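Subject: Structure for your files

Hello,

Here is the structure I said I would pass on. My notes on it follow.

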Amino acid sequence: MTNESFSEDDLVDAFRKLSGGSSPGVSVGIGDDAAVVESPGGEIVLTTDAMVEGAHFERGDLSAHDLGYKAVVASVSDVAAMAASPRFALASLVLPEDAALGWIVELYGGMREACEEYAVALVGGDLSRGGGVAIVVTVTGAVAPGRAVLRSSGREGDRLVVTGSLGGAAGGLMLLHATDAKRALTGTTSRDLITAFTRPVARVGEAQVLASHGATAMMDLSDGLAKDVSRLCRESSVAARIQLSDVPVAAGLDDVPGADPRALALSGGEDYELLATMPADAVPAAAVDLKEQFGVSLSEIGGIVAGEGLVAIEDDGSEHALEPAGWDHFA
Ligand SMILES: [Mg+2]
């Protein structure tokens, strides 16, 4: 191993170059939330996600059941972010010697629960021994030809919207690690924050509502708002302006010891909310539909402009460049 430094995005770029141009039957290759391939009567969306002990989670932070549940939700969320319907899953588990049978059965139970909740058929996988726990979940989805919503189609003049609220999962993890967590745990919002971390929601129906209202680009927020907006902008060759006061901050973050609520909303990962771009006149009706059908809010947090990079607009109107800080497994 060398100490050469590279980011997750650097690696994805390198892999994309190595895999060359377009292949027959591949509509969207490496670089989006999921790939899109042709199939008779439609297109299939394909994604895979690894959760590795030490890199993505610590075994002490959540139960085996929640860990299995969350691993499936993370991949279902990527299919959802393409505006596709999740269908089939494959799960590969790497298990160390010290993982007890009961723990493994609980893990599988959590995966099964998530699959049932999202109507996904778990059709296979692989088991292997290894030094730590790793869970690799592949999920396929179905979408009508040409209807997958990509990261790369955001347009100058679009508005930038997000579902739900942000920073909750990161706040929940901080609460789990806080020494005075017992005291903080007495509040309902504190329990909501921990649930946001342990039991995330994949916005499957919500994504289809946003697509039906003309979302031009979409992705799920797994690595933090600032980082993921910068990815969408890079793929769409545009820039974004974000009104910080409009970023929806999860309730209860003020009560988390040591937490900066706005910083968590901007760079905390694992919220699995949707980020989308859409024409300004489509936002109000989309917000009403999301609220009525799912009880989920839609916040307009800024707009897409020409250029590159992110600009944050402070409460007093001052502006500054927003660094795409967030979760990077390799940084
Ligand atoms: Mg994603």
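A residue is called exposed when its relative accessible area is over 50%, buried when that value is under 20%, and partly exposed in between. By that rule Ser237 is exposed, because its relative accessibility is 61%. Please keep in mind that this is a predicted model.

Backbone and loops

Ser237 sits in the loop that joins α8 (225-236) to β9 (239-243). Its phi is positive, near 55°, in a residue other than glycine. Ala83 is also a residue other than glycine with a positive phi, in this case near 65°. The loop that holds Ala83 runs between α2 and β4 (85-95). Ala83 counts as buried, because its relative accessibility is 11%. As background, most residues other than glycine have a negative phi. A positive phi also turns up at Gly214, which follows α7 and has a value near 90°.

Helix α7 itself covers residues 204-212, and its buried residues include Val204, Ala207 and Leu210, along with Glu206 and Val209. In general, an α-helix has 3.6 residues a turn, so residues three or four places apart point the same way.

Thr216 belongs to the loop between α7 and β8 (217-221). With a relative accessible area of 12%, Thr216 is buried. Apart from neighbours within four places in sequence, Thr216 is in contact with Val149, Leu150, Ser153, Gly154, Arg155 and Asp158, and also with Thr277, Met278 and Pro279.

Gly187 is in the loop between α5 (181-184) and α6. It counts as partly exposed, at 23% relative accessibility. From Gly187 to Val238 the separation is 51 residues in sequence and 42 Å in space, C-alpha to C-alpha.

The magnesium site

Which residues coordinate the magnesium ion? They are Asp33, Asp78 and Asp220, each through OD, at 2.0 to 2.1 Å. The spacing of these donor residues in sequence is D-x44-D-x141-D. Asp33 comes from the loop between β1 (26-28) and β2 (35-39), while Asp78 comes from helix α2 (residues 64-80), so this pair ties together parts that lie 45 residues apart in sequence. Asp33 and Asp78 are both buried. Water is not among the atoms, so the site may look incomplete.

Pocket and cavity

I looked at the second largest pocket, which has a volume of about 370 Å³. Its lining is made up of 19 residues, and those nearest its centre are Ser165, Gly168, Asp192, Ala196 and Glu273. Of the elements, α6 gives the most, with 5 residues. By class, the lining of this pocket splits into 8 nonpolar, 5 polar and 6 charged residues.

The largest cavity has a volume of about 30 Å³. It is lined by Leu166, Leu221, Gly224, Leu225, Ala265, Gly268, Gly269, Glu270 and Asp271. That lining has 4 nonpolar, 3 polar and 2 charged residues.

Buried positions and cysteines

Ile135 is part of strand β6 (residues 134-143). It has a relative accessible area of 0% and is therefore buried. Not counting residues up to four places away in sequence, Ile135 touches Asp49, Ala50, Met51, Leu67, Ala71, Ser92, Leu93, Leu107 and Met111. Gly25 is 110 residues from Ile135 in sequence and 29 Å away in space, C-alpha to C-alpha.

How many disulfides does the structure hold? The number is 0. Among the cysteines, Cys115 is buried at 2% relative accessible area, and Cys233 is buried at 3% relative accessibility.

Regards

How values were computed
Residues are numbered from 1 along each chain as its sequence is written. This is a predicted model: local features need pLDDT of at least 70, side-chain atom pairs count only at pLDDT 80 or more; totals for chains, interfaces and linings use all residues. Side-chain values use heavy atoms; hydrogens and water are left out. Donors are N, O and S atoms within 2.8 Å of the metal (3.2 Å for Na, K and Ca); water is not among the atoms, so sites may look incomplete. Helices (H or I, at least four residues) and strands (E, at least two) are DSSP runs, numbered from the N terminus. Buried means under 20% relative accessible area, exposed over 50%, partly exposed in between (1.4 Å probe, protein chains only). On a 1 Å grid over the protein atoms alone, a cavity is a set of points where a 1.4 Å probe fits but cannot get out, and a pocket is an open set with protein on both sides within 12 Å along at least five of seven lines; lining residues have an atom within 4 Å of a point. Grid points are joined across faces, edges and corners, and a volume is the space filled by probe spheres set on the points. Ala, Val, Leu, Ile, Met, Phe, Trp, Tyr, Cys and Pro count as nonpolar, Asp, Glu, Lys and Arg as charged, and the others, Gly among them, as polar. A disulfide is a pair of cysteine sulfur atoms within 2.5 Å. Contact means heavy atoms within 4.5 Å.
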